[in-house]
Amino acid sequence: MTVSTQGLEIQSSSRALRAGVELFSSMRFSISLLTLICIASALGTVLKQREPFANYVNQFGPFWAEMFGTMSLYNVYSAWWFLLILAFLVLSTSLCIARNTPKIFADLRTLKENIRVQSLKAFGHRFEGALDEAPQEAAQRIGQLLAGGGWKVKLQSRESPQGAGWMVAARAGTANKLGYIAAHSAIVLVCVGGLMDGDLVVRAQMWLGNKTAYAGGGMIADVKSEHRLPESNPTFRGNMLVAENTSSSTAILSQSDGILIQDLPFSIELKKFIVEYYSTGMPKLFASDIVIHDKATGEKKEARVEVNHPANFKGIEIYQSSFDDGGSRVKLRALPMRANAKPFEVEGVIGSSAELTNGEDKLSLEFTGLRLINVENFAAQKEAVDVRKVDLRSALDARLGAGHKTTSTKELRNVGPSVSYKLRDAAGQAREFNNYMLPVDAGDGHLVFLLGMRENPADPFRYLRMPADEDSSYAGFLRLRAALLDAQLRDKAVRLYAGKAVDPKRPDLALQLQGSAARALGLFAGAEKTQGEQVAGLQALSDFMETNVPEAERGRAGEMLVQILNGVLFELEALAREQDGVKPMPGDKLPAFMSQAVLALSDVPLYPAPMALLLKDFTQVQASVFQVARAPGKTIVYLGCTLLIVGIFSMLYVRERRLWVWLTAQDGATLSDPKTQATMALSSNRKTMDVDHEFDLLTRKLLGNEPSTA
């Protein structure tokens, strides 16, 4: 029996109805639906699901982001069309099974012993020979041998045009047909289990139970009942965040237009969160020691939840999903990045916000994250940067890259805690910042403070490298920055530089050098306009040369200008320390500090905020993110997977074989000298070399002769 790919044929006068039912219940329709499911699943795998809509706008643009949202590609597995295809696949496959199963079982019960003797000669595997025994004795012997070899056997005595005789019909490998039923039943079970554990039940409650998604803010306890699912909800999957030494009894179910609150019959108290890291900074273990409090009985159950080791309580699985900040308290110190900004300190809790005032500008400070472990790649650079070799045009792009940007071999190092925050202006435009608490060896042997910034969440952070002084502090750089903005100190530094660089007997050269040095330092500080714009740093020097120096002389003039700038900044740094009563920087550390300071001073005017907030102190509070799920379909899916394995194995590796042996008395045979003519044929659902070998073995075993295939 061959499994039919056609659908059900019903008796109806409507041709369209007959064709529709036949198509819907056919195997080709099921395969088409399965193909659509595979394509949709591939889209759901490639495209990140349930991300904030702003992330999709940044990635695809407004038009395509809106288009993909209309097609529900951001939540493929709960989209109405995906569930509809899944439901049709279940129904269509079920009809295929219902149509073919009776035929398969009917075929399993028959051994086709009524086959015509003449038909045996048409088989590819056939043999004819003679036996020295009566037909009945030969039939019983052959039947016993086949039965002992695992074949299902039936003997039939009958008359034929060739005379009276015995037909031995046998069959083996019936599991091949049962594999069809198992594999197709597995598809149904897996889909049914997926529908049970998916969003279908939740959506049904929203449609029939007047439940709506909640899109507002505030306390979870204040959310109204129309946004809550009952404890008796038969299936759900949600997330809950629990900070250390706190408890929670509600889970959050994310929806496309908001959230639903799932009330649990118990509360989870997080006693301690444990996390261990690899040398790369990736977590290798995070676990939660919890106490489960039963609301109904007051029972307490202690448990540890690890990745791939969930806890179970009242049929609800508690998985370790991830971890987050549980409301750590941080103290930040604001470093001025503008002339009119003043240093101050601000405290807050991760996840909260505060209002800042900068003159007439009002900024909203949002505390977004605290990380204690930060492993970065930094290259070992033997030589300090020589500012005389700086490419004035590309210096900014080269130095404002990622924090680990380098052309040397990378190495992994933990650079300590960092804090991230957002500054949002009155128009609602926000920039994200990520600053490290401790100075970092950027590869040249000198420590720098890394101040990161990005405009969009999809962009990498760009880092300003602020050099640390001999005390591993940022005070030396801020002192130099303030001196650079002081016109009187700039003039004094220029005079000191010119007096040391020129022979006192040549006052005319000293005046010329003072003019050049004052122009270079003024351009670098942003005190002069170039091309009608207020530009500072190395870019200002580059613009000045493009306007005032012939192209053929720019290389030599640029090198000389940067050399003058370098010397004046050395004098300015010494004056700033003298003015504040600070000892001069040791000579072995001063060159490296100044090399990095020149680049950092050039980058500071590009910093998009009036201040940079550095982490001064913190009190960490860990939080664990759990996924809680009631999944009754899980057992059904496991059963379906088992059947799928059994079914595919049976269909691929089990061969269905049928064997017939026709035995009839030869002409001239007597009771004292019995002679039997034997005709044997074998059929299989797959033609392989194993079938040839098996037929040869059966021929020798049953008929006792070497095979002689006709």
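Trainee: Where is the place of arginine 338?

Mentor: This is a predicted model, in which local features need pLDDT of at least 70 and side-chain atom pairs count only at pLDDT 80 or more, while totals for chains, interfaces and linings use all residues. Residues are numbered from 1 along each chain as its sequence is written, and side-chain values use heavy atoms, with hydrogens and water left out.

Arginine 338 is in the loop between β12 (329–336) and β13 (344–349). Strands are DSSP runs of E, at least two residues; helices are runs of H or I, at least four; both are numbered from the N terminus. At 30% relative accessibility, arginine 338 counts as partly exposed. The scale: buried is under 20% relative accessible area, exposed is over 50%, partly exposed lies in between (1.4 Å probe, protein chains only).

Now its contacts, meaning heavy atoms within 4.5 Å. Neighbours within four places in sequence aside, arginine 338 is in contact with Val604, Pro605, Tyr607, Pro608, Ala609 and Pro610. Take alanine 609: 271 residues separate it from arginine 338 in sequence, yet the C-alpha to C-alpha distance is 8.2 Å.

Tyr607 leads on to the core. A nonpolar core is a set of buried Ala, Val, Leu, Ile, Met, Phe, Trp, Tyr and Cys residues joined through side-chain atoms within 4.5 Å. The largest one has 75 residues, and Leu569 and Tyr607 touch the most other members. Residues up to four places away in sequence are not counted in what follows: tyrosine 607 touches Met337, Arg338, Tyr421, Phe433, Asn435, Leu451, Leu464 and Ala612. A second, separate core of 25 residues includes Leu260, Leu270, Val305 and Ile316.

Next, charges. Side chains of opposite charge can pair when their charged atoms come close. The cut-off for a salt bridge: a side-chain nitrogen of Lys or Arg within 4 Å of a carboxyl oxygen of Asp or Glu. The whole structure has 26 of them.

One joins lysine 500 and glutamate 571 at 3.3 Å, N to O. Lysine 500 is in helix α11 (residues 487–501) and glutamate 571 in helix α14 (residues 554–580), 71 residues apart. Lysine 500 counts as exposed, at 61%. Glutamate 571 counts as buried, at 14%.

Another joins glutamate 656 and lysine 177 at 2.7 Å, N to O. Glutamate 656 is in the loop between α16 (633–653) and β27, lysine 177 in helix α7 (residues 175–197), 479 residues apart. Both are buried. Glu656 and Lys177 also belong to a salt-bridge network with Asp107, Arg171 and Arg658.

Finally, the sheet. It is open, with five antiparallel strands in the order β1-β28-β27-β3-β2. Strands pair if DSSP finds at least two bridges between them. β1 (125–131) and β2 (152–160) stand at the edges with a single partner strand each, so one side of each has no neighbour in the sheet. β27 (residues 657–665) and β28 (residues 676–684) pair over nine bridges. Tryptophan 662 stands opposite threonine 679 in β28. Helix α6 (residues 135–148) lies across β1, β2, β3 (163–172), β27 and β28, at about 160° to β27. Axes are lines fitted to C-alpha atoms, for helices over the stretch in contact, with angles from 0 to 180 degrees between N-to-C directions.
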